[in-house]
Amino acid sequence: MNSYLYPLCSSIAFVAFAYKVRILRRDRSPTQVFLTTNLLFICLTFFVSTPSVWVQISDAAGIINFSGLLSQSSVILSAACQQIVLLHLLHDRREAWRKSVPRICALAIILIGMVILFSAATATQEKPDDFALSKAQYYPLYLSIYLLGFTMNQIDVGLLGWKCAKVAPTPWLYRGLILIALTLPFSVIYVGCRVAAIIVGNFGMSGHDWEIVAQLSVSAAAIIQMVGWTVPDWGRHVSAAWSWLNDWRSFREVRSLHQELTRHAPQVVLNLDTATELRTRLYRIVVEIRDAQWALRTWVPQGTAEAACAWAKARGLNGVELAAVVEATQLRAALRCKAQGQPPVRHEETPLAAEPQSLADEIGFQRHLVRAFNQVSGPDFPHSESTQNR
């Protein structure tokens, strides 16, 4: 499993690291520096843990299973970087460093203990596939020290992530921090698997039966964290793409109504260059639909809105849907009278039944208006002849 899963995690981490390096060119704050370093350590952790790489690094160092110590040390250093980042998000620089010192000292003690216990443990062969299981069975103290440092770090990162999310100034930073905090359950599962391996190791058994769970949980935690750490940077591009897509869908939807109305009220149309951006064209269509409604108002027989409102209420409509039916019915009545060349003796004072307070609300309402306009074209919609005064 780790021959495929760990290279994938390493590749994702390297891409994230390369992306953050670009940001360091313009922002070298402690937050960005340690975040980038964190991604480098994650990349190193999974790269070294890849079985084919594991053996080569240990051979180059001349120390059996040296890759295991290097990989697990990188995990501890990665978590330390994450804590420093989160503390700088919560506090000013001076306070953040003050709170970081005891955490760094504790991790330094953990690392020193790991090195000492690793050096004292003897090994006769490389264990790229089950290094942790071997340590759990034969050298549980080393693995216990590592798990202690790992657990303390992950709990601290999870809690700090929740705290930071509560004061996050941007939506994408909030989402990223929530993702980071949500990795804590995966870390707990990983620790549980390793602790279980230590326990059964005392009885001459190993944790091979649930090793895949440990590998999947730690990989899932790492991937989710990498997404969480980088999403504040690239998330805004997702928002921009989603906004453009929504504008495109709105443009396509309301354009049909715009073409129908401006065919009868061409004077409201402002010709735009074909290279005009989509948002501007959508805005113009929305405005011109409203202008066309006012231009066609004199063709709407008085009483049409009242009849349409009663018709809509009888069918359980209210709010935006009711207003859309009223406006759509008035438009249908206006176009019918204009086509017949028979202006009403008295017309409605206003063609509007809704007054959205923002452009987004206006676009949303006009999408309802388009659907209502298409629906009231059948024989069941409220005709205005009964309310006309000629």
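**Residues, helices and confidence**

Student: Does I145 count as buried, exposed or partly exposed, and what is that based on?
Tutor: The relative accessibility of I145 is 21%. Buried means under 20% relative accessible area and exposed means over 50%, with partly exposed in between (1.4 Å probe, protein chains only). I145 therefore counts as partly exposed.

Student: What kind of model is this?
Tutor: Residues are numbered from 1 along each chain as its sequence is written, and side-chain values use heavy atoms, with hydrogens and water left out. Local features need pLDDT of at least 70, side-chain atom pairs count only at pLDDT 80 or more, and totals for chains, interfaces and linings use all residues, as this is a predicted model.

Student: What pLDDT does the protein average?
Tutor: pLDDT is the predictor's confidence in each residue, from 0 to 100. Here 92% of the residues score at least 70, and the protein averages a pLDDT of 88.

Student: Which residues does I145 touch, not counting residues up to four places away in sequence?
Tutor: I145 lies in helix α7; helices (H or I, at least four residues) are DSSP runs, numbered from the N terminus. With those sequence neighbours left out, I145 touches I110, G113, M114 and L117.

Student: How are α7 and α9 oriented to each other?
Tutor: Two packed helices are described by the angle between their axes and the distance between the axes. Axes are lines fitted to C-alpha atoms, for helices over the stretch in contact, and angles run from 0 to 180 degrees between N-to-C directions. The axes of α7 (residues 140-166) and α9 (residues 184-201) come within 10 Å and cross at roughly 165 degrees. Angles under 35 degrees count as roughly parallel, 65 to 115 as roughly perpendicular, over 145 as roughly antiparallel and the rest as oblique, so α7 and α9 are roughly antiparallel.

Student: How many nonpolar residues does the contact of α7 with α9 have?
Tutor: The α7 side includes P140, L143 and F150, and the α9 side includes Y190, V191 and I198. Ala, Val, Leu, Ile, Met, Phe, Trp, Tyr, Cys and Pro count as nonpolar, Asp, Glu, Lys and Arg as charged, and the others, Gly among them, as polar. The contact has four polar and one charged residues, and its nonpolar residues number eleven.

Student: How far apart are the axes of α9 and α10?
Tutor: The two helices pack at an angle of about 150 degrees, and α9 and α10 are therefore roughly antiparallel to each other. Their axes are separated by 8 Å.

Student: At what angle do α10 and α11 pack?
Tutor: Helix α10 covers residues 211-262 and helix α11 residues 278-295. Their axes are 9 Å apart, and the angle is about 35 degrees.

Student: Is T45 buried or exposed?
Tutor: T45 lies in helix α2 (residues 30-49). Beyond four places in sequence, T45 touches S71, S74 and V75. Its relative accessible area is 8%, so T45 is buried.

Student: What distance separates the C-alpha atoms of Y139 and A121?
Tutor: Y139 is found in the loop between α6 (131-138) and α7. Y139 and A121 are 18 residues apart along the chain, and their C-alpha atoms are separated by 6.7 Å.

How values were computed. Contact = heavy atoms within 4.5 Å.
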